[in-house]
Amino acid sequence: MLSRRVYAKRCINLSFEENKTIDNLHKGNTMKIPTQTKLDRRNFLKLAGSALSAAALAACASPISALAKQNTKKPNFIIIFCDDLGYGDIGCFGSEKHRTPNIDKMAEQGLKLTSFYVTSGVCTPSRSSLMTGCYPRRTNMHQDAAGLCVLFPVAEKGLNPNEITIAEILKTQNYKTACIGKWHLGDQKKFLPTKQGFDFYFGIPYSNDMGSRQHTKNPPLPLLKNETVIEAPVNQNTLTKRYTEQAVKFITENKDNPFFLYLPHTMPHNPVHAGDRFRDKSANGRYGDAVEEIDYSTGHILKTLEQLNIDKNTLVIFTSDNGAAKRYGGSNLPLAGFKGSTLEGGMREPCVVRWPANIPAGTSCDELTSTIDLLPTFALLAGAATPKNTIIDGKDIRPILFGKPNAKSLHEAFYYYQVDQLQAVRSGKWKLHLPLETKKRNWGKPEMNYPLKLYDLKADIAEKYNIADKHPDVVKKLLALAKKAQQDLGDINKKGQNQRPAAFVQNPVPLTIKKR
Ligand SMILES: [Ca+2]
């Protein structure tokens with residue numbers, strides 16, 4: 001379960017501002033509460049528990065009614081997170097095969113982020129970053145207990161409950177939270193979304209190709225409601241529809257209070273499924289059917305926000321957990337490479353952000369942004385503090401979202417890891433592929449004697465023209481940045497100085513329907 005003691009400790013040490021607030025409140029000086037440091041008593045107590053000091057408890061007690069009022073103005077957050085959807089798979093990012101009018105309209109009303117990255121070309125590490133605001137190696141979620149690239153069913157490993165997730169941060173500000181979809185950060189009870197800050201969970205715990213149909217040793221693919229398996233094997237044809245219904249229900253029930261909806265779709269990951277209304281309707285087989293159903297789902301959610309008159313106060317992000325796979329019909333064009341690669345196609349994702357009250361309509365930004373930025377940015381937007389004694393790799397991207405003139409990425413460098421190996425680094429428009437004797441792949445034999453390559457991504461988004469010879473100073477600078485990451489986060493056979501442990505359970509058990 002969530003380590004209450006650790007959370008309480010971190011809450012108390014959150015920041016100078018936070019401590020000042022507690023001091024002020026303790027002295028009865030409730031007029032000086034900084035807006036970013038409002039504490040919600042119920043959730044704060046729930047999370048912080050018995051380890052919280054008496055002073056902090058007293059601090060939480062007085063301003064309850066005032067805070068409740070202010071909380072109604074906090075923005076809602078929705079993250080629609082596809083599984084294996086490619087950079088070129090939606091209309092507003094260039095797809096000519098898939099009809100995605102709802103997502104395209106969302107882009108017309110909002111912002112396209114065209115250099116938006118996930119931190120890994122595969123599910124588990126990528127999702128760990130969205131939840132924690134950190135690179136996967138920071139939290140040791142870059143590989144499973146056996147060194148494979150993702151978690152598998154009945155895994156002894158999971159995201160450490162001591163990590164403070166984006167949901168837990170929002171809980172301190174009285175948000176209602178739901179995770180509806182594929183989790184993939186641990187399938188044992190102590191690792192489920194309900195133990196990581198989510199009030200409600202509905203979905204599958206790992207990938208849809210990890211059921212007993214694909215691997216006889218696995219349990220039938222389970223569908224969970226909170227911590228209980230309610231269907232196994234799950235009927236995948238109706239999953240997108242059911243996720244959407246659950247999402248609309250959650251939004252409707254929480255229209256009067258701030259909420260965070262994390263909607264990690266199971267589709268269009270292989271084996272690709274679509275509902276009756278969408279099956280055999282697209283121009284791109286089952287893959288296209290699934291993408292068009294996700295588009296419909298997105299439109300339905302946006303329409304619900306409008307009908308409830310909360311769309312202006314709701315920030316919605318649409319993106320994907322990694323690039324399209326090579327075989328199943330998806331496209332990463334114009335990027336090179338596929339899922340499971342440190343080429344752009346594996347890790348740069350289509351991203352659309354809509355928030356009518358704050359994000360200018362019909363805009364686009366090519367500054368480097370990433371899923372790791374969402375935790376600190378949402379925290380700031382919600383008036384919550386981020387844990388100051390814990391390294392967070394993400395940056396505040398509010399100026400980019402709000403379309404501030406000349407808003408720049410705050411990332412000096414972005415790091416591309418494949419499992420445990422650092423393979424590339426980007427800084428500004430430059431991307432350096434490191435020279436590697438053995439370049440690791442997720443599966444199969446490594447690529448041998450991979451040479452150093454430098455690309456100018458502004459001029460050469462497809463990574464075709466190696467211009468390392470012409471820019472020795474740039475190569476030198478990026479090699480130095482790579483060295484920093486190798487020391488900080490580690491590399492193959494090298495521990496990083498600032499990594500934090502994942503968590504493990506002994507004797508993991510399969511998630512199955514309990515017999516009555
Ligand atoms: Ca994926």
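Biologist: Hi! I'm new to this one. How many helices and strands does the protein chain have?

Modeller: Welcome! The protein chain has 14 helices and 21 strands. Bear in mind that the model is predicted.

Biologist: And what share of the 516 residues is buried?

Modeller: Buried residues account for 59% of the 516. As for the surface, the chain exposes about 20900 Å², and 52% of that comes from carbon and sulfur atoms.

Biologist: What about contacts between residues at least 6 apart in sequence: what share of them join residues at least 24 apart?

Modeller: That share is 69%.

Biologist: What holds paired strands together in general?

Modeller: Strands in a sheet pair through backbone hydrogen bonds.

Biologist: How many bridges join strand 14 to strand 15?

Modeller: Four, with the two strands running antiparallel. Arg426 has Lys431 of strand 15 as its bridge partner, and Val425 is partnered with Leu432 of strand 15. The two strands form a hairpin with two residues between them, where Gly428 has a positive phi near 60 degrees.

Biologist: And on to strand 18: how many bridges does strand 15 make with it?

Modeller: Four bridges there as well, again in the antiparallel sense.

Biologist: Are the residues on the two faces of strand 15 buried or exposed?

Modeller: Both faces are covered. Trp430 and Leu432 are buried on one side, and Lys431 and His433 are buried on the other. In general, side chains in a regular strand alternate between the two faces of the sheet.

Biologist: Which residues of helix 14 are buried?

Modeller: They are Val474, Val475, Leu478, Leu481, Ala482 and Ala485. Those residues cover an arc of only 125 degrees around the axis, so they sit on the same side of helix 14. On the other side, Pro472, Asp473, Lys476 and Lys483 are exposed.

Biologist: What do the buried ones pack against?

Modeller: Their partners are strand 13 (414-418), strand 14 (421-427), strand 15 (430-433), strand 18 (453-456) and strand 19 (490-491).

Biologist: How far apart are the end C-alpha atoms of helix 14?

Modeller: They are 25 Å apart. The helix has 17 residues (472-488), and at 1.5 Å a residue it should span 24 Å, so the two values agree. Gly490 follows the helix and has a positive phi, near 95 degrees.

Biologist: Switching to helix 9: what span should it have?

Modeller: Helix 9 covers residues 239-253, and its 15 residues should span 21 Å at 1.5 Å a residue. Its end C-alpha atoms are 21 Å apart, which agrees. Among its buried residues are Leu239, Tyr243, Val248, Phe250 and Ile251.

Biologist: Now the loops. Which residue takes part with Pro233 in a cis peptide bond?

Modeller: Ala232; the bond from Ala232 to Pro233 has omega near -5 degrees. Pro233 is in the loop between strand 7 (228-231) and helix 9. Another cis bond runs from Asn270 to Pro271, with omega near 0 degrees. Pro271 lies in the loop between strand 8 (259-264) and helix 10 (285-307).

Biologist: What is phi for Val419, and where is it?

Modeller: Phi of Val419 is near 55 degrees, which is positive although the residue is not glycine. Val419 is in the loop between strand 13 and strand 14.

Biologist: Why does Val419 count as buried?

Modeller: Because its relative accessibility is 9%, and buried means under 20%.

Biologist: Last one: where is Glu463?

Modeller: Glu463 is in the loop between strand 18 and helix 14. Its phi is positive, about 50 degrees, although it is not a glycine. Glu463 counts as buried because its relative accessibility is 7%.

Notes: Residues numbered from 1 in each chain as written. Predicted model: local features only at pLDDT ≥ 70, side-chain atom pairs only at ≥ 80, totals over all residues. Heavy atoms only, no water. Expected span 1.5 Å × (residues − 1). Buried < 20%, exposed > 50% of the residue type's maximum accessible area, 1.4 Å probe, protein only. Arc of directions from axis to C-beta. Contact = heavy atoms within 4.5 Å. Pairing = 2+ DSSP bridges. Areas by Shrake-Rupley, 256 points an atom, 1.4 Å probe, with all protein chains shown as cover.
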